[in-house]
Amino acid sequence: MDADLRIEDAVVHFQVKNGIVKAVDHVTATFIAGEITGLIGESGCGKSVLGMAILGLLPSYAQTEGRIWLDGKNLLALKPGHLRKLRGRKIGLIPQNPADSFNPVRRIKGQIMEGMQVGKREKADTTSVKKLLELYGFSPIDADRVSCSYPFELSGGMLQRSAAAMGTASQPEWILADEPSKGLDEALRIQLYDTLARVKERGVKGMMIITHDLELASALCDSVAVMYSGEIVEMGKKILASPRHPYTKGLLASLPQNGMNPMKGSAPAPGDGILGCKFASRCPEAETRCFQEKPDNYPLDDRTVRCFQYA
């Protein structure tokens with residue numbers, strides 16, 4: 001059975017007063033088992049919506065099309081009850097903002113135990129919780145203290161590692177980490193890198209990291225998918241070291257360490273109904289064809305690129 005997580009022509013749209021907003025616009029991608037894949041792009045490009053579609057956690061008013069395959073099952077076609085049985089066992093979530101991800105009136109150990117009970121793969125007791133926390137860098141003494149603490153009693157770094165423990169307590173085969181470095185300072189980000197590396201070492205089949213943090217993606221990810229206006233425009237190996245799509249080049253050029261050269265213009269509003277390439281109005285290399293036709297994802301060496309330059 002195919003161990004990869006495969007997305008085929010996935011669409012997520014929302015009905016609004018002025019029409020339909022396509023937050024995810026005909027995305028096809030394969031997340032390879034055994035790898036960490038980063039999903040990067042500007043705010044509002046559809047990264048988290050795609051992640052929530054994979055997990056089946058979209059709001060009830062979202063409409064989906066296409067297929068998301070995991071272990072031979074199309075996740076978009078499953079009934080809610082069946083999907084709940086897969087969530088936690090087959091695919092788990094390390095949420096963004098761990099301070100808001102814990103129940104503030106329950107101790108950490110009770111919330112991690114709940115995840116263990118979902119997975120039913122190891123005994124759910126205080127000793128198991130402590131052992132799991134130790135896997136994420138806590139000393140035995142700190143693991144004991146953290147497990148008995150309430151979320152508000154822990155530092156940001158401790159909460160982040162505890163959230164990773166909670167998200168992996170059921171021993172899921174796949175992990176989705178949603179903006180795990182959001183709001184963390186440099187010291188906590190270094191701790192996070194170690195935490196996510198430990199997640200991979202726990203034997204997961206694969207991991208998908210949704211992030212704005214290009215340093216995190218560069219440090220941890222085997223592959224990167226670049227998302228723009230609901231589409232994946234470049235995906236493969238060594239994307240951040242050698243970008244090919246004009247958007248990826250612009251994204252990297254806008255970083256402070258690269259001179260902070262912002263791209264002109266802004267991303268189109270979802271639902272604008274653009275006929276051609278969605279990046280054409282901002283692209284310094286755009287030609288007439290780019291405004292009239294939509295490019296495909298073209299194979300190039302170790303990646304695919306949605307740009308006519310590589311047709």
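Reader: What is the relative accessible area of Lys130?

Author: Start with the classes: buried is under 20% relative accessible area, exposed is over 50%, and partly exposed is in between (1.4 Å probe, protein chains only). Lys130 comes out at 25%, so Lys130 is partly exposed. Keep in mind that this is a predicted model, where local features need pLDDT of at least 70 and side-chain atom pairs 80 or more, while totals for chains, interfaces and linings use all residues. Residues are numbered from 1 along each chain as its sequence is written, and side-chain values use heavy atoms, without hydrogens or water.

Reader: Which side chain meets Lys130 in a salt bridge?

Author: A salt bridge needs a Lys or Arg side-chain nitrogen within 4 Å of an Asp or Glu carboxyl oxygen. Here Asp144 is the partner of Lys130, at 2.6 Å from N to O. Asp144 sits in helix α5 (residues 140-147) and Lys130 in helix α4 (residues 126-135), so the bridge ties together parts 14 residues apart in sequence. Asp144 is partly exposed too, with 33% relative accessibility.

Reader: Where in the chain do Glu35 and Lys237 lie?

Author: First, Glu35 and Lys237 form a salt bridge, 2.3 Å from N to O. This pair links distant parts of the chain, 202 residues apart: Glu35 is in the loop between β2 (19-31) and β3 (36-40), and Lys237 in the loop between β10 (231-236) and α9 (246-253). Glu35 has 15% relative accessibility, so Glu35 counts as buried; Lys237, at 31%, counts as partly exposed.

Reader: And which residue forms a salt bridge with Arg282?

Author: That's Glu42, with the closest N and O atoms 3.3 Å apart. Again distant parts are linked, this time 240 residues apart: Arg282 belongs to the loop between α9 and α10 (288-292), Glu42 to the loop between β3 and α1 (47-55). Arg282 is buried at 5% relative accessibility, whereas Glu42 is partly exposed at 25%.

Reader: How many salt bridges does the structure hold?

Author: The structure holds 19. Some join up: Asp71, Lys90, Glu173 and Lys205 are linked in a network of salt bridges.

Reader: Now the whole fold. How many helices and strands are there?

Author: Both are DSSP runs numbered from the N terminus (helices H or I, at least four residues; strands E, at least two). The protein has 10 helices and 12 strands. Its radius of gyration is 20 Å, close to the 19 Å of the globule rule for 311 residues, so the protein is as compact as a globular protein of that length. (That radius is over C-alpha atoms, and the rule is 2.2 Å times the number of residues to the power 0.38.) The C-alpha atoms fill a box of roughly 65 × 45 × 40 Å along the principal axes, and 49% of the 311 residues count as buried.
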